[in-house]
Amino acid sequence: MSGLRVLVTGCCAPIGEHLVRRLLDDSRVECILAVTGNPVDTFPMSPSTRLSVSRVNLSSNRAVHRLLFEQAKAQKIGVVVHTAMHHSATDEGPKVHAYNVDSVRHLMALCERHPTIKRFVLRSAAAVYQVQRDLPVLIAEDHPLNMAGHAPQWVRDRIQADLSACVRMGMSPLHITVLRMAEVLAPGTGSQLFDYLESRVCLQPAGFDPMINVMSIQDAVGALSDAIGAMEQGVFNIPGADTLPVSLVIERWGRIGIPALGAILSPLYRLRRRLTGHDFRYGMNRRSFIYSGVLDGSRARDVLGYVPSHPIEWPVADASAVG
Amino acid sequence: MPFSPAIADMLTGLFLSDEAKSRASNIHFRDAGHGYDTFGMHPSFVALGELVVRGLYDRYFRVQSQGHHNIPGTGSVILAANHSGNIPIDGVLIWLDVLRNTDPSRVVRPIADHFVPSLPYLGTLFARGGMVGGSRGNARSLLEAGEILMIFPEGVPGIVKPFRKRYQLQEFRHGHAELAIRHSAPIVPVGVVGGEEQMPALFTSKRLGALFGLPVLPVPLFPVPLPVRYHLRYGTPIPVHEEYSPSDADDPAAVAEVASRVKAGVDALLKAGLQARKGVFA
């Protein structure tokens, strides 16, 4: 397990950045190649003998090829952790698709031909799963995916990226691990829920209060770190330490929840998006505000040894725990 | 706000006995971290459920029950009951009966039809009291957690059947038998007498039902259920866990045999209950 040499994409976002910090603290990791889309000098950590930082446009096949077959080859990188994903749900189009999906395909194809890379870890999302009334609340890895034709590109891209990795399992010389993570309740992670909670008043469909699961950045990073160290391949659900109703999420986040007629929520949140530039799309998340859906992390626990242990640091204390 | 445990606590604090409150707070319960289990059950709402249902149970339907000793005190178990009465009062009464008459108290997890979780307010309140949507995955995880499930193998055709077919069991689905075999859970047949006469329907309408998100809507003869007396009987458990191995769950013949034994068990309890009762309201 010693002597890990890891390439991490998406280091301009909080999860990638925190992962690099964690890997730097891990004595098993010899070398880290952090890939960011931003200028290198904006990266918050200074390069060292163990850390090098590279700015690469992942949508550019040529640039990715150079990254892998020059820098990564020279550093004898053995593991690639792909966390990069376009965050905004409002941005759509071929460029976003190329960044989200085509880059995964191309990156994996190159990794398969690479002389030193043996392992590929993809950060996927729980958003790939279908949530509806006749499906289990507890979501296992074989749960149906949200393949609805009308699903927005944000969802379709995540599913395509996920499946692009899944279909190579067993056919590829790489050990491939796909981590379908619960929503990380933190800024800059692409969390729709976080954006929803940015408003002082949060509207909920009246009559519904489903259970959801959310996770902290620390747990997300812990799961990626566990996957880097493990040799198993497969798909794993990565739940967070917090499972609670939506109304309690709103309350613990210090917001005011107001029940409203379900039919008006989509236009209201569309209006909010246009007026304030927020990213939350109610229509995309509608079912998660009606039906419960909680990731079953037993496979990740049994195989990867991942157990969520860092609950969200809620701004408002649990009222029932007081006294 | 309508689903706040604080409101449930306030109401039960005012109107529920200490014994009942203690019962709800001592239930076998897997807290997922914030006072709720994964499916949304919360002890405060179990207590609220008892507060809401006790009037129906004690005074309106004057429930008489027997055979509680047949309900295992621990471990996974499936209660399989006949379904009747056009509205699912039978499920609610069994829920409270088991809560009150098991020691330590067990909360029955009713497996509801798919449409129930999509009912505003009711779906959420039922979930807080322990109900789960009728999917195989939900049932599996509850059985693996050693919970007590309540299933009506007749489904909707049982509850909305015409009055002339009262106490005639409809076709039993086989899902409960397969679950029991696969997860080594005994099945306790339950006979419910009384429900058939509570609310005879003039007719049923799928079109009207669709307006309310229901598979079918019975149009009853009376606007409210009649104060019939309910009789609940719990039969001898069918030791599926001793007689079958989990792999038998893939054997359609074995599954059909278990379902047939359950149906016969429920039928026998119904006949005994009908023979013993002195009248619909007595």
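**Pocket, helix packing, interface and cavity**

By class, 27 nonpolar, 14 polar and six charged residues form the lining of the second largest pocket; here Ala, Val, Leu, Ile, Met, Phe, Trp, Tyr, Cys and Pro count as nonpolar, Asp, Glu, Lys and Arg as charged, and the others, Gly among them, as polar. The model is predicted, so local features need pLDDT of at least 70 and side-chain atom pairs count only at pLDDT 80 or more, while totals for chains, interfaces and linings use all residues. Residues are numbered from 1 along each chain as its sequence is written, chains are lettered from A and ligands numbered from 1 in the order in which they are written, and side-chain values use heavy atoms, with hydrogens and water left out.

This second largest pocket has a volume of about 1,000 Å³. On a 1 Å grid over the protein atoms alone, a pocket is an open set of points with protein on both sides within 12 Å along at least five of seven lines, a cavity is a set where a 1.4 Å probe fits but cannot get out, and lining residues have an atom within 4 Å of a point. Grid points are joined across faces, edges and corners, and a volume is the space filled by probe spheres set on the points. Among the 47 lining residues, A:Ala126, A:Ala127, A:Met284, A:Asn285 and A:Ser288 are the closest to the pocket centre. The largest share of the lining, five residues, comes from α4(A); helices (H or I, at least four residues) and strands (E, at least two) are DSSP runs, numbered from the N terminus.

In chain B, the axes of α3 (residues 43-60) and α4 (residues 89-101) come within 10 Å and cross at roughly 110°. Axes are lines fitted to C-alpha atoms, for helices over the stretch in contact, and angles run from 0 to 180 degrees between N-to-C directions.

Between the chains, 24 residues of chain B are in contact (heavy atoms within 4.5 Å) with 24 residues of chain A. The buried area is about 2,000 Å², of which carbon and sulfur atoms give 59%; buried area is the accessible area (1.4 Å probe) that two parts lose on being put together, summed over both. B:His34, B:Thr38 and B:His114 supply 30% of the area that chain B buries against chain A.

The largest cavity holds about 260 Å³ of space. Of its 22 lining residues, A:Val137, A:Tyr291, A:Ser292, B:Pro117 and B:Ala127 lie nearest its centre.
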